[in-house]
Amino acid sequence: MIFENNLAFAQNMDQQDPMRHLRDEFFFPQQNGAPFIYLCGNSLGLQPKTAKKYIDQQLNNWQNLAVEGWFEGDTPWMFYHKALKDLMAPIVGANSQEVSPMNTLTVNLHLLMVSFYKPKAQRFKIIMEAGAFPSDQYAIESQVRFHGYDPESAIIEVKPRAGEYTLRTADILATIADHGDEIALVLFGGINYFTGQWYDMPAITKAGHEAGAIVGFDLAHAAGNVPLQLHDWEVDFACWCSYKYQNSGPGGISGIFVHEKHFKDSSLNRFAGWWGYQEQQRFKMEKGFIPEAGADGWQVSCTQVIPMSLYYASLQIFEKAGFISPLRKKSKKLTAYLSYIIKEINKELGEEQYQIITPETEMDRGAQLSIIAKHKPKEIFKSLMDNNILGDWREPNVIRLSPVPLYNSFEDIFTAGLILLKVSKELI
Ligand SMILES: *Cc1c(COP(=O)(O)O)cnc(C)c1O
């Protein structure tokens, strides 16, 4: 696609965008009486305008029905998660039995590792990406220690080559092959939070399985962003938060995926709770845990109705959009346009002031671009904020910008580029 660095071009792209009206479904934060250009959906998605309505519905049910709300009213809480499952499934490429909303992300990562990290005599290692999100590093380290192993020897990190920022698929696959029968678990991000690199998930899954390992993914930056086919790729398990690309609000509910091939495996450990017990028999309150079939069998505590209602509000917008594939079509163009605009700014400045470390190829990235600012990175980031451009800052010098197809426009990108050029000229 040939891009142009002018307002008329950006506006024309917006005119042709069948998703452009979805922007009206969200609230944009304001500063000095004007909305921000919000490029931070990788960190916290915007609030759907319907969010309050969905919370109010449940507050009303609680007000009017109190405990009866579990079985009565327009959305009995006992079954509330089921409506979400049908909408979560197409976002990650699963059947609805394979997904369930529950808890928060790091908690679910632990619960799923309890089931799927099963170290044995010589097969006890975990392969992961170097520079994973810290919560994942801590969770994995502590799980390894919990089983009595030393993280130094039990965790193998795949690192970028010297002078590179992102991983080569060949290096990931070679590391898996090299450690072969020592590997209990391959646990990767879908998209790395820092670099924005989308890993080759099907290839990693296949290589992990060939080595005889279980393969899981943390999809915090991938779910709701890029097309996923967890079922067909035969991924063993995955989890994600819903507050980034899926707009469910701060601390929003997490989702889990467990492939149906594991449903009948009674050898899997679980940290069980009553809400994972067979739904039909749950209130018999009997001794001896028997899990509900499917991902719901991993539930521990009773349904978190309010956070789920927020996720539900947002999932309805995804449904309206036609789920991921039309959004991804727009997302590829938006992110490519941002990449083009950044390079135009470098040309104008006469040097590579902004180095995009996210891979250039579409298949290796989602919405986000991670950009190293060579001179005055922090000052530039602050000045963008002062000028109503909201991105996100990562030490020591990286600005992450994520155009989100649900609510960003080509004009947003063009205008953000104009301002970035202006503040760069002022500051360097
Ligand atoms: C955002 C993010 C988290 C956050 O975990 P919470 O438990 O929701 O606080 C964890 N892992 C990754 C990879 C993330 O991107």
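This is a predicted model: local features need pLDDT of at least 70, side-chain atom pairs count only at pLDDT 80 or more; totals for chains, interfaces and linings use all residues.
Q: Why is helix H4 called roughly parallel to helix H5?
A: The axes of H4 (residues 105-116) and H5 (residues 134-146) cross at roughly 30°. Angles under 35 degrees count as roughly parallel, and H4 is therefore described as roughly parallel to H5. The two axes come within 10 Å, and the crossing is right-handed.

Q: What makes H4 and H5 helices in contact, and which residues meet?
A: Contact means heavy atoms within 4.5 Å. On the side of H4, Thr106, Leu109, His110, Met113 and Val114 take part, and they meet Ser135, Asp136, Ala139, Ile140, Ser142 and Gln143 in H5. The residues of this contact divide into five nonpolar, five polar and one charged.

Q: How do you know that the span of helix H10 agrees with its number of residues?
A: H10 (residues 305-321) has 17 residues, which at 1.5 Å a residue should span 24 Å. The C-alpha atoms at its ends are 24 Å apart, so the two values agree.

Q: Why is H10 described as largely enclosed by the rest of the structure?
A: A residue is buried when its relative accessible area is under 20%. Twelve of the 17 residues of H10 are buried, and the helix is therefore largely enclosed. Among them are Val305, Met308, Tyr311, Tyr312, Leu315, Ile317, Phe318 and Ala321.

Q: Why is Gly196 called buried?
A: The relative accessibility of Gly196 is 0%. The cut-off for a buried residue is under 20%, so Gly196 counts as buried. Gly196 lies in the loop between strand S9 (183-189) and helix H8 (201-210).

Q: Which residues does Gly196 touch, and how far is Gly196 from Leu401 in sequence and in space?
A: Leaving aside residues up to four places away in sequence, Gly196 touches Ile191, Thr358, Asp364, Arg365, Gly366, Gln368 and Ser370. Gly196 and Leu401 are 205 residues apart in sequence, while their C-alpha atoms are 9.9 Å apart in space.

Q: How do you know whether Gln353 is buried or exposed?
A: Gln353 has 0% relative accessibility and so counts as buried, the cut-off being under 20%. Gln353 is placed in the loop between helix H11 (324-349) and strand S13 (354-356). Not counting residues up to four places away in sequence, Gln353 touches Asn346, Ile372, Ala373, Lys374, His375, Ile380 and Ile428.

Terms used:
Residues are numbered from 1 along each chain as its sequence is written. Side-chain values use heavy atoms; hydrogens and water are left out. Axes are lines fitted to C-alpha atoms, for helices over the stretch in contact, and angles run from 0 to 180 degrees between N-to-C directions. Helices (H or I, at least four residues) and strands (E, at least two) are DSSP runs, numbered from the N terminus. Angles under 35 degrees count as roughly parallel, over 145 as roughly antiparallel, 65 to 115 as roughly perpendicular and the rest as oblique. A crossing is left-handed if the near helix is turned anticlockwise from the far one by less than a right angle, and right-handed if clockwise. Ala, Val, Leu, Ile, Met, Phe, Trp, Tyr, Cys and Pro count as nonpolar, Asp, Glu, Lys and Arg as charged, and the others, Gly among them, as polar. The expected span of a helix is 1.5 Å times one less than its number of residues. Buried means under 20% relative accessible area, exposed over 50%, partly exposed in between (1.4 Å probe, protein chains only).
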